[in-house]
Amino acid sequence: MSNFGSGTQTPIAGLAVTLANGVLSVTLDRPESLNSLTLPMLAGIADTMESASTDPQVKVVRLGGAGRGFSSGGAISMEALWGTGTADNYVAECNRAVRAITTLPHPVVAAVHGPTAGCGLSLALACDLVLASDTAFFTLAFTKIGLMPDGGGSALVSAAVGRIRAMRMALLHERLPAAEALACGLVSAVYPVEEFEAEVGKVIARLLAGPPMAFAKTKDAINSATLTELEPAFARESEGQAALLRSNDFIEGATAFLQRRSPSFSGS
């Protein structure tokens with residue numbers, strides 16, 4: 001018996017979760033905000049992935065976004081960030097979601113279109129195959145507002161593209177178009193937007209026809225070999241982000257972002 005119920009939607013705010021024919025589809029469903037990630041959404045993603053790990057009816061997981069993009073990143077308000085404990089809980093739930101994806105024994109496919117930013121990028125890169133439409137772009141926008149990557153982003157991006165390119169993405173918060181992301185190894189494949197869903201479906205069909213036990217062992221072996229710094233990254237990012245969220249530079253960076261002006265950082 002399934003933890004999800006075939007063909008039904010699980011009521012999690014901001015998420016649409018369905019199970020059909022062995023495919024668990026998890027869709028970020030806040031299109032009005034480009035699927036910015038709330039604390040309940042991250043907790044829901046983590047809970048869903050953890051439940052999927054022991055569900056006999058789940059063979060493949062598809063993680064996607066509704067509307068114009070995959071995810072614009074975090075959705076914590078300024079008031080919430082300045083409140084006690086909220087930001088720490090947010091980072092912890094993001095870490096739990098990423099961990100649940102990487103340790104899930106089933107293949108996880110990220111279907112990415114439009115913007116993929118911040119902790120949304122961490123979720124996408126935690127997946128085993130990152131399939132992008134040619135409209136997708138990727139950015140680590142944290143330093144733009146005086147923060148650092150979290151959700152294991154410092155380890156996940158570095159494992160994909162190497163130290164030098166990761167530094168460029170993180171320090172200059174540049175926007176990486178889909179074709180360039182493919183060239184540097186950040187994504188698995190890029191498809192024309194009009195063919196995107198059909199191509200994602202073909203990849204998922206191949207996975208459904210494959211050997212589940214071999215997939216699980218292969219996934220564990222490759223992640224163990226390449227994501228050795230993921231758990232240490234969670235700890236470093238949690239500590240660093242906690243300090244940055246209480247800094248004057250973050251207040252200035254976030255305020256400047258909301259006011260659509262360039263920030264003036266003080267280093268305090």
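Predicted model: local features only at pLDDT ≥ 70, side-chain atom pairs only at ≥ 80, totals over all residues.

Analyst: The six strands of the open sheet come in the order 1-2-3-4-6-9, and their pairing is mixed. Strand 1 (15–20) and strand 9 (189–191) are the edge strands, each pairing on one side only. On average, and with direction ignored, neighbouring strands of this sheet are turned by 20 degrees against each other.

Two of the pairings can be followed residue by residue. Strand 2 and strand 3 run parallel and are joined by six bridges. Threonine 27 has its place in strand 2 and stands opposite glycine 64 in strand 3. Strand 4 (residues 108–112) and strand 6 (residues 129–133) also pair in the parallel sense, over four bridges. In that pairing alanine 110 stands opposite valine 130 of strand 6.

Leaving out residues up to four places away in sequence, threonine 27 touches Gly14, Leu15, Ala16, Gly64, Gly65 and Ala66. Between threonine 27 and alanine 111 the C-alpha to C-alpha distance is 9.6 Å, while the two are 84 residues apart in sequence.

Strand 3 is largely enclosed by the rest of the structure, because six of its six residues are buried. In a regular strand, side chains alternate between the two faces of the sheet. In strand 3, Val60, Arg62 and Gly64 point one way, and Val61, Leu63 and Gly65 point the other way; all are buried.

Helix 8 (residues 196–208) lies across strand 2 (23–28), strand 3 (60–65), strand 4, strand 6 and strand 9. Helix 8 runs at about 160 degrees to strand 6.

The loop between strand 2 and helix 1 (39–52) contains leucine 34, and asparagine 35 is found in that loop too. Leucine 34 has a phi near 55 degrees, a positive value in a residue other than glycine. Asparagine 35 likewise has a positive phi near 55 degrees and is not a glycine. Leucine 34 counts as buried at 19% relative accessibility, and asparagine 35 is buried with a relative accessible area of 0%.

A second open sheet is made of three strands in the order 5-7-8, again with mixed pairing. Its edge strands are strand 5 (115–117) and strand 8 (175–177), each of which pairs on one side only. From one strand to the next the twist averages 25 degrees. Strand 7 (residues 137–139) pairs with strand 8 in the antiparallel sense over three bridges, and threonine 139 stands opposite arginine 175 in strand 8. Helix 4 (residues 118–126) packs on this sheet, where it touches strand 5 and strand 7. The direction of helix 4 makes about 95 degrees with that of strand 5.

Helix 4 is largely enclosed by the rest of the structure, because nine of its nine residues are buried. These are Gly118, Cys119, Gly120, Leu121, Ser122, Leu123, Ala124, Leu125 and Ala126.

Helix 4 also belongs to the surroundings of helix 5 (residues 153–161). In helix 5, Gly153, Ala155, Leu156, Val157 and Val161 are buried. An α-helix has 3.6 residues a turn, so residues three or four places apart point the same way. The buried residues of helix 5 pack against helix 3 (86–103), helix 4, helix 6 and helix 10 (230–244). Just after helix 5, glycine 162 takes a positive phi of about 90 degrees.

Helix 6 (residues 163–172) contains leucine 172. With a relative accessible area of 55%, above the cut-off of over 50%, leucine 172 is exposed. Leu172 forms a nonpolar patch on the surface together with Met167 and Leu171. The accessible area of these residues together is about 310 Å².

Note on methods
Residues numbered from 1 in each chain as written. Heavy atoms only, no water. Pairing = 2+ DSSP bridges. Helix = DSSP H or I, 4+ residues; strand = E, 2+ residues; numbered from the N terminus. Axes fitted to C-alpha atoms, helices over the stretch in contact; angles between N-to-C directions. Contact = heavy atoms within 4.5 Å. Patch = residues over 30% accessible without salt bridge, like charges linked within 9 Å, V, L, I, M, F, W, Y side chains within 5 Å. Areas by Shrake-Rupley, 256 points an atom, 1.4 Å probe, with all protein chains shown as cover. Salt bridge = Lys/Arg side-chain N within 4 Å of Asp/Glu carboxyl O. Buried < 20%, exposed > 50% of the residue type's maximum accessible area, 1.4 Å probe, protein only.
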